[in-house]
Amino acid sequence: MLSDAALAPALLTAAAGVVAGALGAMLGIGGGAFLVPVLVQGLGVPMPQAVAVSLATVIATSNAVSASPSGHETINLRFGFLLELATVVGGLLGSLTAVFVPVRALMITFSAVMTTMSVLTFLRRDHRNNLPASADLGPWGARFLDDATGETVAYRVTRLPLAVGTSFVAGNLATLLGIGGAVVKVPILNGWCGLPLRVASSTSAFMVGVTATSGALVYFGRGLLLPALAASAVIGVRAGSAFGLRFGQRQAPRRLKTLLAAVLLVVAAAMVWRLP
């Protein structure tokens, strides 16, 4: 049983987890981008412990998206496994160096990454990657049925080196900042590498689970994972993910991109609101 002093933080963390799970499943960003500022600024949790809790919720969101029927349709497994090789290397590097980086530097980096991705997402909100169903898809492209329109969507992967390089950087930032890495991958994969938003989101959500697992094990081994908060956050995230998946399937890509840009900008502001 939790004490009265521990119950309030656990309930607030669970509520934040619901929102994080909904946004994470809907936008493919893992939810950590929202949860970390709540833990750090709202509850006063030290940055390393907040990152550890966030990584646990990223794993939960990834599992929910990967197991959903829409995830089966839109996840590009072959391309995802290729990018995950670079992501895991970056993730291990980030988890090993995170404890040596000053907290203030981590928070400023977090805010800068969120702001940059928000601007890029907003500027490319009208960009579409849909090809004719009969188009040549290349070695990494695929087709899927869009639930929102009932049409078959085809796409071809472009700028493969950029996608691989972005995955390495995303993996490093994921375990360094607890953001899952998808906030970096989704805008780049959708805006410059040819993936439709739904594919970029679900494939990134699948990948961040693997990345977060490698980082979370390092944090756990160092005793930085707070079990009560992690459990509360995961429960909330699973509940929110179910809603986010259903709601996101019915939204137009432009609306989802605008929402993603707004969420990232608010999160960036929240993190630097009270710098130590």
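## Asn-76 in its loop

Asn-76 sits in the loop that links helix H4 (69-74) to helix H5 (77-97); helices here are DSSP runs of H or I with at least four residues, numbered from the N terminus. Because its relative accessibility is 7%, Asn-76 counts as buried (buried means under 20% relative accessible area with a 1.4 Å probe, protein chains only).

Leaving out residues up to four places away in sequence, Asn-76 touches Trp-140, Gly-141, Ala-142, Tyr-155, Val-199 and Thr-203. A contact here means heavy atoms within 4.5 Å.

## Where the numbers come from

This is a predicted model, so to speak of local features takes pLDDT of at least 70 and side-chain atom pairs need 80 or more, while totals for chains, interfaces and linings use all residues. Residues are numbered from 1 along each chain as its sequence is written, and side-chain values use heavy atoms, with hydrogens and water left out.

## The nonpolar core

The largest nonpolar core has 65 residues, and Met-47, Phe-110, Met-114, Leu-189 and Leu-195 have the most contacts inside it. Helix H9 gives the most to this core, with nine residues. Such a core is a set of buried Ala, Val, Leu, Ile, Met, Phe, Trp, Tyr and Cys residues joined through side-chain atoms within 4.5 Å.

How values were computed. Buried < 20%, exposed > 50% of the residue type's maximum accessible area, 1.4 Å probe, protein only. Helix = DSSP H or I, 4+ residues; strand = E, 2+ residues; numbered from the N terminus.
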